[in-house]
Amino acid sequence: MSRIHSAVTAVDRRSFLTVTGAVGISAGIGLAIGAGGGSDRAAAAPGAGASPTVPGPRGSSAPPTPARTIPARTTLDSVAAPRDTSVAYRRLGDGPGWPRLVRDDLAAPRSGRAGRRTVLTSFVQLTDLHLVDVQHPVRTEYLRSQGVSGWRPQEALTVQGAVSLIEQINALTAGPATGAPLSFAVTTGDNTDNNSRAELDWYLTVMNGGRITPNTGDPRQYEGPQNSGERLYWHPEDALRDTDKRLGYPRIDGFLAAAIGSVNSPGLRLPWYSTAGNHDGLASGAIADRSGFLADFAVGSRKLYDIPDADAKALMSVLAKGSDPTGTHLVELLRRSRRRMRPVTPDPARAPFTPRQYLTAHLNPAQAGNGPVGHGYTPANLHGDTLYYTFPMADGVTGISLDTTDRAGHFTGSLDTTQFDWLGRKLVEHRDDHVVVLSHHNSWTMTNTHPAPGRPGEARHNGDEVLDLLGRHRNVIAWVNGHSHRNSIAPRDGFWEISTASHIDFPQLARVIEIADNGDGTLSLFTTLIESAAPHRTDLTDLSQTGLAALYRELAHNAPGSTTKPAGTPPDRNTELLLRR
């Protein structure tokens, strides 16, 4: 039986569908480049300071907010926590940090290893950012009638929250466990939410730096569920006794104008690499729209806000089972619900992007940021229509980024035979390196066996098969992933599987991973969770970029259906993971 040890060091002190029910469904499908929703990378140069000047809400004459100093804070120091748990709407403040635990499931810790240690590489994992166009017509917010987590009150602030996370990463500079400089960052998918060109542009600008206006449709005003008059959704600017106000959600005048106002991102000061998720390739993260109806609907002038409970229940069941990966049921529902729809301003920026367009956007030299051009992808990916690649993490350490989305549809994942065989070859080619595998889906959500479009006879390979393949190659030291919106660290056959919670659901985290050779036949993988740079305490009158990022966290904590499960248990958070070299 393994033992878990507390290891809070002096360095530390200084510095969906996997979940059952509606929460899991929202994590899986997100019940959730042209005109509208634009960005301007010339407005803020990449790496131009950890905290840009923040403009007021659109149309505001308020002076800019002064830049602020951002401490290199991690969850070892403090974690956002409710100040009063006896009230319905819980205000956040500074809570105690999470200690570092030593896990010896795969190797015993040896005394004196800190003095012998050589750091191999240090990086930051961002996952499940879900940058959301909350006014997108294809979104299925109306499924909230069958599960309160089918729509999240915090969704309008994803861009502000992501920029604040970039600010915190920039403030860190060094690994909190080893003190070694951070080398790069990686995303592990669901960078966008609706597979929308506007969202893809926002994502790349958040990561590389520039000005983003997280708005599509009418450039003058918000058009979406939060001013629809439907009681299903939180209406921050009126007195409607909606679902969320009954739970204590506040009224905040000016919220919607601020939410769609311009945001400045400093961009990552580190090189970064991109991995795609199911929301980056499928409508609602689940549907392979072969009819083209959803693509046309996305850029059109009608939006649906509510449906009869029976229709919502039937659609929820279909999506949860994954029994209709091409979206026939949703298309039929939209066709027969036209009289219930309301007008919205059409916008071509809401069009879906193809895998090729995803690659082309990454390979654009104007999107290089601090590099590399393509962020892992190369022209060979364009030529081969692939979204997987290898890259050097450091001397003797290789990263392998996979594409676990099945283009045939559904939010669970798998690998086709071509990629599965490629992975096996790369593990052999890099037999003398330590290998870190990166993907969106984790092993237990890779259950999708729908045949890939155009390759009906080719098998799909599930998570158990990938685990078996990785376990046969002793150079594999970690499989880093996301998707489940939950922290989980599990020992596998000779390596660690590290899954990190999302940045849209509370507690809104990213993870620093430091890899060190202990000089005694073992390696240590240090994992340290970080929150965004936004203060834990909120001011409901502060609608600046920083104030909205703080509010993003507090709204997420109070979201109906929110639980403590995404944080995981202490051994899933801040750790030292031992394994044999």
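The model is predicted, and its chain has a mean pLDDT of 90, with 88% of the residues at 70 or more. One covers residues 7-28, where pLDDT stays under 50 and the model has 62 contacts beyond four places in sequence. The other covers residues 30-36, where pLDDT is below 50 and the model has 32 contacts beyond near neighbours in sequence.

**The sheet and its helices**

An open sheet is built from 6 strands in the order β13-β14-β16-β18-β20-β19, with mixed pairing. Strands β13 (389-394) and β19 (488-491) are at the edges; each has a single partner strand, so one side of each has no neighbour in the sheet. On average, neighbouring strands of this sheet are turned by 20° against each other, direction ignored.

Within the sheet, β18 (residues 476-481) pairs with β20 (residues 496-499) in the parallel sense, over 4 bridges. In this part of the sheet, V480 stands opposite I498 of β20.

Two helices lie across strands of the sheet. Helix α12 (residues 417-429) lies across β13, β14 (397-401), β16 (434-438) and β18, and runs at about 175° to β14. Helix α13 (residues 463-471) lies across β16, β18 and β20, and its angle to β18 is about 150°.

**Backbone features in the loops**

| Peptide bond | Form | Omega |
|---|---|---|
| G371 to P372 | cis | near -10° |
| F506 to P507 | cis | near 15° |

P372 is in the loop between α10 (355-363) and α11 (379-384). P507 is in the loop between β20 and β21 (510-517), and Q508 lies in the loop between β20 and β21 as well. The phi of Q508 is positive, near 55°, although Q508 is a residue other than glycine. Q508 has a relative accessible area of 2% and is therefore buried, the cut-off being under 20%.

A positive phi also occurs at H483, which is not a glycine and has a phi of about 75°. H483 belongs to the loop between β18 and β19. Its relative accessibility is 0%, so H483 counts as buried.

Where does T538 lie? T538 is placed in the loop between β22 (522-530) and α14 (545-558). Is T538 buried or exposed? T538 has a relative accessible area of 12%, so it is buried.

Which residues is T538 in contact with, leaving aside neighbours within four places in sequence? They are R91, A550, L551 and E554. A550 is 12 residues from T538 along the chain, and the C-alpha atoms of T538 and A550 are separated by 5.7 Å.

With R91 and E554, T538 also makes polar contacts through its side chain. The side chains of T538 and R91 are joined by a polar contact of 2.6 Å. Between the side chains of T538 and E554 there is a polar contact of 3.0 Å.

Technical notes:
Residues are numbered from 1 along each chain as its sequence is written. This is a predicted model: local features need pLDDT of at least 70, side-chain atom pairs count only at pLDDT 80 or more; totals for chains, interfaces and linings use all residues. Side-chain values use heavy atoms; hydrogens and water are left out. Two strands pair if DSSP finds at least two bridges between them. Axes are lines fitted to C-alpha atoms, for helices over the stretch in contact, and angles run from 0 to 180 degrees between N-to-C directions. Contact means heavy atoms within 4.5 Å. pLDDT is the predictor's confidence in each residue, from 0 to 100. Buried means under 20% relative accessible area, exposed over 50%, partly exposed in between (1.4 Å probe, protein chains only). A polar contact is a pair of N or O atoms within 3.5 Å; within protein, one must be able to donate a hydrogen and the other to accept it, and residues adjacent in sequence count only if both atoms are side-chain atoms.
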